[in-house]
Amino acid sequence: MKKLLVLSALAAMLASGTALADTSGKKIAFSNNYAGNSWRQAMLDSYGIVTKKAVADKVVAAADIFTTADKEVPTQAAQVQNLILQGYDAIVINAASPDALNGAIKQACDAGIVVVSFDGIVTEPCAYRVVVDFKDMGRQEVEQMAKFQPKGGNLLEIRGLAGTSIDDAIHAGILEGVAAHPEFKIVGSVTGDWDQTTAQKAVATILPSLPDIVGIVDQGGDGYGAAQAFAAAGKPRPTIIMGNRQDELKWWKEQKDKDGYQTWSASIAPGVSSLAFWVAQQVLDGRTDIPHDLLVPYLAFTQDDFEAALPKIKEGGVATHEYTQEDAIAAIKANIK
């Protein structure tokens, strides 16, 4: 009778896609193409916090981090090929390009390695993708801008890391938003690399050639730098969409306290790296029901709730959330059609 009950339980687990394997001997590598801004540093921190505990708890044998020396696709492709040779069971990747790495990704899959991309995703069908609707985020930036600048006007766009899926998607969303709100016009565009210092220099360079700007649409990590550039140039302060960085939200609070300044802030939580880790672990654990595309929400703050979040973000950091294995299981369940 007891044996029948065990068999019934196993059958039920299999039918539900629940994991049955043991991952304590599995090794997961993290391939990261860029670490040069606060978001990427927070991403690496979140991954390290979660994976160190997972290794200590013997959930996996290793969860090593590898960051390339530059932002170039060939460098990351070579890194992935090296990880294949090192015998990792899974690779979590923040990719430099959505499609240029597909050859290396396919090699990994053909070698029996699980690949989970996030943030900078890949389009190779064999890989898993933990994605945020960045296009919607870009569109929402303009929707929010329309609330703060109902008369419309000229916008400056600050783009992110060139060639990445994130930059392309947010830009496409911003263009859709402007098409839906013809009272706005993008009159200038610079590349900020999601970094406030880079953005400040880029905005300062283009500002003398621009007409009056009512708002800035961007990708996160660049809002405070843009504010500094406008202040240094003695230009009127525009409505700047923020990206959940501590320095941005702190500046927002200072402006709000001074004269009621209003804006909106949104970004993918850096801790999504830890969610990608758990997705890889769940695939290695034998789950058969995991979609190759898992949509997770981006993190947004409004005029009413950003001040409560600010004290919880470390200086120079980014608002984030470290995901647990239970969070990953819930995210998988939410994405199963």
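This is a short talk on a few spots in the structure above.

Okay, so keep in mind that this is a predicted model. Let's start with the annotation. UniProt, in an unreviewed entry, puts a domain called "Periplasmic binding protein" at residues 28-287.

Strand 1, residues 27-32, runs parallel to strand 2, residues 62-67, and six bridges hold the pairing together.

Next, Glu124, which you'll find in the loop between strand 4 (114-118) and strand 5 (128-131). Is Glu124 buried or exposed? Buried, and yet there's no salt bridge for Glu124. The nearest side chain of opposite charge belongs to Lys106, and that one is 5.6 Å away. As for who Glu124 touches, leaving out residues up to four places away in sequence, we have Asn102, Ile105, Lys106 and Arg129.

Last stop, Asp304. This one is in the loop between strand 12 (299-301) and helix 11 (306-309). Asp304 has a relative accessibility of 77%, so we call it exposed, the cut-off being over 50%. And have a look at Asp289 while you're there: Asp289 and Asp304 are 15 residues apart along the chain, with 39 Å between their C-alpha atoms.

Terms used
Residues are numbered from 1 along each chain as its sequence is written. This is a predicted model: local features need pLDDT of at least 70, side-chain atom pairs count only at pLDDT 80 or more; totals for chains, interfaces and linings use all residues. Side-chain values use heavy atoms; hydrogens and water are left out. UniProt positions are given in the numbering used here, feature names are shortened, and annotations may be inferred rather than shown by experiment. Two strands pair if DSSP finds at least two bridges between them. Helices (H or I, at least four residues) and strands (E, at least two) are DSSP runs, numbered from the N terminus. Buried means under 20% relative accessible area, exposed over 50%, partly exposed in between (1.4 Å probe, protein chains only). Lys and Arg count as positive and Asp and Glu as negative; His and the chain ends are not counted. A salt bridge is a side-chain nitrogen of Lys or Arg within 4 Å of a carboxyl oxygen of Asp or Glu. Contact means heavy atoms within 4.5 Å.
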